[in-house]
Amino acid sequence: ETREPVCSNFPACGGCMYQTMSYEDQLHMKETQIRELLEEALIQGGQIDENGNAAFEWEGIHGSPIEFGYRNKMEFTFGDEVKDGPLALGMHKKGSFYDIVTVDGCRLVDDDYSAILRETLYYFEEKKTPFYHRYTHEGYLRHLLVRRASRTGEILAALVTTTQQEVDLESWKERLLSLPLNGKFAGILHITNDSMSDAVKCDSSEILYGRDYFYEELLGLKFRISTFSFFQTNTCGAEVLYETAREYVGSLVKEEGKPDSIVYDLYSGTGTIAQLMAPVAKKVIGVEIVEEAVVAARENAKQNGLDDHQRKFCNRHLWHQQILQRNEHCQRSSDDEQIFDGLLKIGNRTFFKANPINNDRFCDICNQSGYDGSDKHARQTDFKHQSDRQHQIDDTLKDGQIFILFKNTSRRLEI
C-alpha cells in the first residue's frame, strides 16, 4: 500500500478496500491471481509442456481506461450508522450487516450520484420517514437504485420501499428534477419490495417521471437498458473487453477462412456481446433464460440495424433442448455443462468466460472434447478499479470483475 486514501469514507465504508494501492499494483495483483488460477486448471486438465508447466501463452492484462468515476450503477441502502442514530444512505460499514455509511462523494461514480443521494437523504430526513429495519422487518425506506449511462448521460433513479405506509413521493420527484446535474433524468421510479431478503427486488413498479429504461452506447451501438437489466458496470472497461474479443472472433474468420462462423452468446442478457460480435461473424445466437431480456435483446438488435439473418435471440430452455437433441452423448451433471459439451461437439465455435473461479471445470470439459492444442493464448481484462464490496482478494474474482479470453489456435477456443 503506497498511497493515501482518495475517498473520505475510507476505511469505514466497505465498498473499496484497495484504494491505498496504486492502480498499477492492483492490476499486478489481479493478473497474478488469475494466472495462478489458470495455470492450476490447465495442469490439472493435462494441458502441459515438456517441463510439466501449463502450456499457454499469456498476453497480459488490460486496465480500465478510467480509474475513478467509472461505475454506471449503484445500489444505496437506507439505515443508520449506529443503533438509533440519524438516517443514513449509502454502503454497508466494513464488517457490519446492519450499519450503513452515507457515501456522499463516493469516487466510484459521477458526481450526479452524490447529488441524488444527498437530496434523497435530506428529503426523507425532513419527513422523518423510517427506514426498513432488517432485524424487526419494520419500516419503509429500503434502497435507492441509481443508473447513469456513461456515454449518453441518461439517468434512471428508483426508490425501493415496503408497502407499510403511504408517503408523498411527488415532492421527492420534483426535488430530484430540480437538481443541477451533469446528466439528465430518463426516468424516476417507485418500486415496492416486501420480501425479507435485503436484495433489491421488485414486487411492483410505478413510473413517477419519464420511462423505466435508459439508453447507453457501446462501440457505436445503442442499447436500451431497463431498471434491472444486466449491463457491465464499467462502460469504458467493457469496450476494451469487447473490442479485444471482437478482434479474436475476426481473426478466426480471416485466418481460417471461416466466413460462415457462428458466435454463441450464452446468458446473453439484453444481447450486448452478441450484437457487438455481429460485424465479424455471419451469425450470432444469444441464449437467455429471462424472457424479458430476450425481448429487449431483439428490440436492441432491431434498433441497431441487425436483421434476423445476422442474429437470433432465444429462450435458454428451448435452445438447451435443441442442443441436447443434436448431441445425444452429453453426460454432464448440470445444464451449463451439457450446453458447453453440446457446443463443443458442434465444431469450431467462440466462447467468452466471465468467472475464472471454475476454470478447472470448464477446461476439463474443453480438454475432453478435443480442445487441447499446444498454442494457447490467454488475455485478461480488468475493468474495475477496486473491489466494490467488502471481499478479500480471492473473493473479488467471484463478482465477475475480471474477464478472461482464451484462444486456441489449433481449434480456436475462446472463453
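Predicted model: local features only at pLDDT ≥ 70, side-chain atom pairs only at ≥ 80, totals over all residues.
A pocket is an open set of points on a 1 Å grid over the protein atoms alone, with protein on both sides within 12 Å along at least five of seven lines. Residues are numbered from 1 along each chain as its sequence is written, and side-chain values use heavy atoms, with hydrogens and water left out.

The lining of this pocket consists of Asp80, Lys83, Asp84, Tyr98, Asp99, Phe131, His133, Arg134, Tyr135 and Thr136; lining residues have an atom within 4 Å of a point. Three of these residues are nonpolar, two are polar and five are charged. Asp, Glu, Lys and Arg count as charged, and Phe and Tyr are among the nonpolar residues.

Side chains of opposite charge can pair when their charged atoms come close. The structure holds 15 salt bridges, each a side-chain nitrogen of Lys or Arg within 4 Å of a carboxyl oxygen of Asp or Glu. The table gives examples.

| Salt bridge | Closest N and O atoms |
|---|---|
| Glu67 and Arg3 | 2.9 Å apart |
| Glu126 and Arg175 | 2.8 Å apart |
| Arg224 and Glu299 | 3.8 Å apart |

Glu67 forms a salt bridge with Arg3. Because Glu67 lies in the loop between β1 (57–62) and β2 (73–80) and Arg3 in the segment before α1 (23–44), this pair ties together parts that are 64 residues apart in sequence. Helices (H or I, at least four residues) and strands (E, at least two) are DSSP runs, numbered from the N terminus. Glu67 is partly exposed at 24% relative accessibility, and Arg3 is partly exposed with a relative accessible area of 24%. Buried means under 20% relative accessible area, exposed over 50%, and partly exposed in between (1.4 Å probe, protein chains only).

Glu126 pairs with Arg175. Glu126 belongs to helix α2 (residues 111–126) and Arg175 to helix α3 (residues 170–177), so the pair ties together parts that are 49 residues apart in sequence. Glu126 is exposed at 53%, whereas Arg175 is partly exposed at 23%.

Arg224 forms a salt bridge with Glu299. This pair links distant parts of the chain, with Arg224 in strand β10 (residues 221–226) and Glu299 in helix α6 (residues 291–303), 75 residues apart.

Note on methods:
1 Å grid on protein atoms, 1.4 Å probe; cavity = no way out; pocket = protein on both sides within 12 Å on 5 of 7 lines; lining within 4 Å.
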